[in-house]
Amino acid sequence: MTEHSLPELLHAAVTAVGGTERPGQVTMAEAVAEAIDAGSHLLVQAGTGTGKSLGYLVPALAHGERVVVATATLALQRQLVERDLPRTVDALHPLLRRRPEFAMLKGRSNYMCLHRLHEGMPQDEEEGLFDQFEAAAPTSKLGQDLLRLRDWADDTETGDRDDLTPGVSDRAWSQISVSSRECLGASKCAYGAECFAEMARERAKLAEVVVTNHALLAIDAIDDAPILPQHEVLIVDEAHELVSRVTGVATGELTPGQVNRAVRRAAKLVNEKAADQLQTAAEGFERLMELALPGRLEEIPEDLGYALMALRDAARTVISAMGATRDKSVGDEDAVRKQALASVESIHDVAERITNGSEWDVVWYERHEPRGGAAYRHSGASLRVAPMSVSGLLREKLFGDRSVVLTSATLKLGGDFNGIGASLGLAPEGTEGEDVPQWKGVDVGSPFDYPKQGILYVAKHLSRPARDGDRTDMLNELTELIQAAGGRTLGLFSSMRAAQLAAEELRSRIPEFPILLQGEETLGELIKNFAADPKTCLFGTLSLWQGVDVPGASCQLVVMDKIPFPRPDDPLMSARQKAVEDAGGNGFMAVAATHAALLMAQGAGRLVRAMGDRGVVAVLDQRLATARYGSYLKASLPDFWYTTDRNQVRRSLATIDEAARKAESE
């Protein structure tokens, strides 16, 4: 620590970013400093408006050791690097007598690859884009994106996709980026000395604060080759997202399209016998996938087992053959070889993982609706494999030889931290033991007065929602609530189908209130348009439950159509639930109720985003008031004033709407 006290440092930083000091922020900063000094772990719940970024940055910078901050969203990464860190460092510089350096680090595919930009993509018959700039008509959207990328390459200092505005399509970006497996390596690449990804790594090695994302943190933990520099402190922001991000990184997938691409890429580089073996295995796999029915595979069917062994063995043969051949007729052979090798290795690894069959893995078939970008898939099915749980991996890799601080507005579920703790691999708080990571949970509260600013309304009179059942009564209720609120409604639905049906129905019933629907525009556009017009409503599903920040009168009613339990046919969730039950626990509470509580807490958090916000969170599912687990879910939500009286809520919404309209007219 420095000669200046933590409150002095925090005061300087808060003043620099133009914020207001909150009691919760001071409590948080002290708890973070204590955990870092003791080398222990901390889970800290800090409600919206606490100013949690400074609550962890100030004690981390004061400590003086290297710190990695991992966050789930690009928006928060940018806020940290472009706003919070520069101002905080400037404010603390005279007090600390040093200027801590900071840097952003992402996965390799987030940076432009100069080799691919200048040498073109390795030839792939399907895309036919050897020189992607020649092949893409300059008038097409893809052609225009690529020309803009070529110009941008001369101006950018970072090569980071997020620094390019406006952005480009995923398809355009994939023409000029590589995965870590496809990368030639700086020493073998003609552009290694200017490589943007390598420069980002070098900057991170020199920085005291490295800002990254959950996905890269997961790759760093899972892969043996470390990407992040050595660090003494790890801060995980938006920590409620960590388990699902790590699960995503640890999930493997095989699709016929992906396998066929690998066959084409490898065919030019190996002898005919090896190429034919892979081609035959791919055809066998594709035939099986055409018949695949969605759902979990508790046992691998015999025909699938044979198909996967054939794929694995053929991929291994191709990988060996690729090492032994050189083909001077192939232009830019090293890049072509590296891309082909990456494709084949990925197939080998997933096929081998499923064939080996770990009891800790869940395997399932998934079918995809061919929509938009998915239309190029040869078959609408994929075979997926994911870990039953990532808690063991996190306990071993995350909480080893460093202090870890995990923070979010929603970490306490059902009134304590143990549910989230268990998903992270932590024993219940206070458990002693030699190999047991020591941690404590702290809830620093919220600056908002939830009982005065918000109402939690449960529509107890509605019929119990049944899967795909008629929900006319719910739509009637929703219509009346929106009318009482004068629009101003964020509708959070448990499925895209439910959101579409509600939007369609209400657009014809109450045309005076425009309804925006997720998927009809980019998320950013939708949120901007929703915030701009108070009468407008926004309906959608998962990403809206946690991705919307609209303070003020445009969002005074947040509606949840039903408790967002996982779908009963979700292979991974149902496998996790069964595993808890087999071990003697309550699978429903540990998995389904925890999942729902987290989403509901995030969804309810969309309502009050600033001191002056007022409104209602309406749950159109009577089970929140009647079922035994309802009290657990309610204990996970902000402490709003609670009612099941529909008339009371309509009156309250009308009053809030009237006050907002009065303020707007003034």
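Biologist: Is the crossing of helix 3 and helix 4 left-handed or right-handed?

Modeller: The crossing of helix 3 and helix 4 is right-handed; a crossing has that name if the near helix is turned clockwise from the far one by less than a right angle, and is left-handed if anticlockwise. The model is predicted, with local features needing pLDDT of at least 70 and side-chain atom pairs counting only at pLDDT 80 or more, while totals for chains, interfaces and linings use all residues. Residues are numbered from 1 along each chain as its sequence is written, and side-chain values use heavy atoms, without hydrogens and water.

Biologist: What makes helix 3 oblique to helix 4?

Modeller: Helix 3 (residues 52–63) and helix 4 (residues 74–96) pack at an angle of about 45°, with axes 10 Å apart. Angles under 35 degrees count as roughly parallel, over 145 as roughly antiparallel, 65 to 115 as roughly perpendicular and the rest as oblique, so helix 3 is oblique to helix 4.

Biologist: Which residues of helix 3 meet helix 4?

Modeller: Among them are L54, L57 and L61 of helix 3, and the residues they and others meet in helix 4 include L80, L85 and L92; contact means heavy atoms within 4.5 Å.

Biologist: Why is one side of strand 14 and of strand 18 left without a neighbour in the sheet?

Modeller: The open sheet of 7 strands has the order 14-15-13-16-17-12-18, with parallel pairing. Two strands pair if DSSP finds at least two bridges between them. Strand 14 (515–517) and strand 18 (641–643) are at the edges with a single partner strand each, so one side of each has no neighbour in the sheet.

Biologist: How many bridges join strand 14 and strand 15?

Modeller: Strand 14 and strand 15 (residues 537–540) pair in the parallel sense over 3 bridges.

Methods:
Helix = DSSP H or I, 4+ residues; strand = E, 2+ residues; numbered from the N terminus. Axes fitted to C-alpha atoms, helices over the stretch in contact; angles between N-to-C directions.
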